[in-house]
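Biologist: I have a new protein to learn. Could you show it to me, and then let me ask about it?

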Amino acid sequence: MTGQDGELKITEIKPLIGSVVEASQETLLGGKYGLQLRELLEERSVLVFPKIGFDDEQQVKFTETLGEVALQYDGAAGAGGEMRPVFKVTLDEELNPMAASGLKTSFFWHLDGSMNEVPILASLLTPRILSETGGETDFCNTYAAYEALPDEDKLLIADMRVLHANWARDRYAHPEPSYEWLQRQRRGPSREQPVVWTHRSGRKSLVIGGTASHVVGLDPADSWDLLVRLRDWATQPQFSYCHEWTMGDLVMWDNTGTLHRARPYDPASGRLMHRTMLAGDEPFA
Ligand SMILES: [Fe+2]
């Protein structure tokens with residue numbers, strides 16, 4: 001697909017995930033292609049805008065051309081934090097006090113807002129400081145992964161439900177928490193979701209990842225077996241794309257049909273990413 005007047009050049013990265021979109025800043029900020037890019041995002045899961053070089057204001061403006069911008073709690077300001085359009089993704093606790101817990105779990109496959117009734121539709125990420133090694137972002141297409149499942153697995157999981165919880169996710173960062181810490185985390189959100197999300201479009205995706213505690217009604221070992229098997233399946237190379245960042249890149253992903261994670265990097269590198277989000281408009285179902 002190319003845009004009218006040749007203003008957009010779109011190239012597939014892999015057959016089942018990812019497209020590179022080449023366009024000028026003016027073309028993207030003009031908003032003419034907002035709807036087309038939204039559709040392309042749903043179809044391709046991940047869109048890469050190489051070295052587009054947006055500053056914060058432009059990133060927010062571009063996000064506005066695609067839909068409703070979701071405000072995010074600005075942890076950088078501590079207790080005085082406000083809801084802002086740009087969130088700083090970093091392990092530097094001076095820049096973001098939430099770095100200590102939440103962000104460390106971003107090294108494991110997850111979808112954002114799995115504990116909400118309506119998850120975020122999409123995230124847009126740009127680097128401000130990169131680590132010399134590591135820090136790539138992995139994505140996998142859970143629509144394509146579901147579609148390729150053997151029929152007996154589709155039947156097995158068709159009506160299953162899974163509990164997603166903050167405390168379950170936090171086990172990855174704090175495998176042996178104090179009881180006091182656990183009690184605090186349990187006040188965080190948790191919600192039962194379908195393992196298979198049937199979207200309004202009729203397409204189906206998997207609602208799994210690091211926030212999944214257990215499949216409701218299954219023996220703990222069988223539940224863990226299934227969750228690991230599905231995650232292992234969904235993150236196979238044919239469904240996945242690893243983005244190696246260059247300064248100026250912008251990457252956008254459809255949070256409702258993907259999982260993502262950051263690859264480990266040196267916390268002393270100061271790696272800093274700025275994120276905007278598109279508000280969700282479809283509940284898990
Ligand atoms: Fe995330």
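Biologist: How many helices and strands are there in the protein?

Modeller: This is a predicted model: local features need pLDDT of at least 70, side-chain atom pairs count only at pLDDT 80 or more, and totals for chains, interfaces and linings use all residues. Residues are numbered from 1 along each chain as its sequence is written. Helices (H or I, at least four residues) and strands (E, at least two) are DSSP runs, numbered from the N terminus. The protein has eight helices and 18 strands.

Biologist: What radius of gyration does the protein have?

Modeller: The radius is taken over C-alpha atoms, and the globule rule is 2.2 Å times the number of residues to the power 0.38. For 285 residues that rule gives 19 Å. The protein comes close to this, so it is as compact as a globular protein of that length. Its radius of gyration is 19 Å.

Biologist: What share of the residues count as buried?

Modeller: A residue is buried if 20 or more other C-beta atoms lie within 10 Å of its own, exposed if 12 or fewer, and partly exposed in between; C-beta atoms are placed from the backbone. Of the 285 residues, the buried share is 38%.

Biologist: Is Glu 68 buried, exposed or partly exposed?

Modeller: Glu 68 lies in the loop between helix H3 (56-66) and strand S4 (69-70). It has 13 other C-beta atoms within 10 Å. Therefore Glu 68 is partly exposed.

Biologist: Which residues is Glu 68 in contact with, leaving aside its neighbours within four places in sequence?

Modeller: Two residues are in contact if their C-beta atoms, placed from the backbone, lie within 7 Å. By that test, Glu 68 touches Leu 278 and Ala 279.

Biologist: How far does helix H8 reach from its first C-alpha to its last?

Modeller: H8 covers residues 220-234, which is 15 residues. The expected span is 1.5 Å times one less than the number of residues. That gives an expected 21 Å, and H8 comes close to it. H8 reaches 21 Å.

Biologist: How many residues of strand S16 are buried?

Modeller: S16 spans residues 250-254. Leu 250, Met 252 and Asp 254 point one way, Val 251 and Trp 253 the other, and all are buried. So S16 is largely enclosed by the rest of the structure, with five of five residues buried.

Biologist: Which residue in S16 does Leu 47 stand opposite?

Modeller: Two strands pair if DSSP finds at least two bridges between them. Four bridges join strand S3 (residues 46-49) to S16, and the two run antiparallel. Strand S8 (residues 122-129) is also joined to S16 by four bridges, and there Leu 124 stands opposite Met 252. The residue opposite Leu 47 is Met 252.
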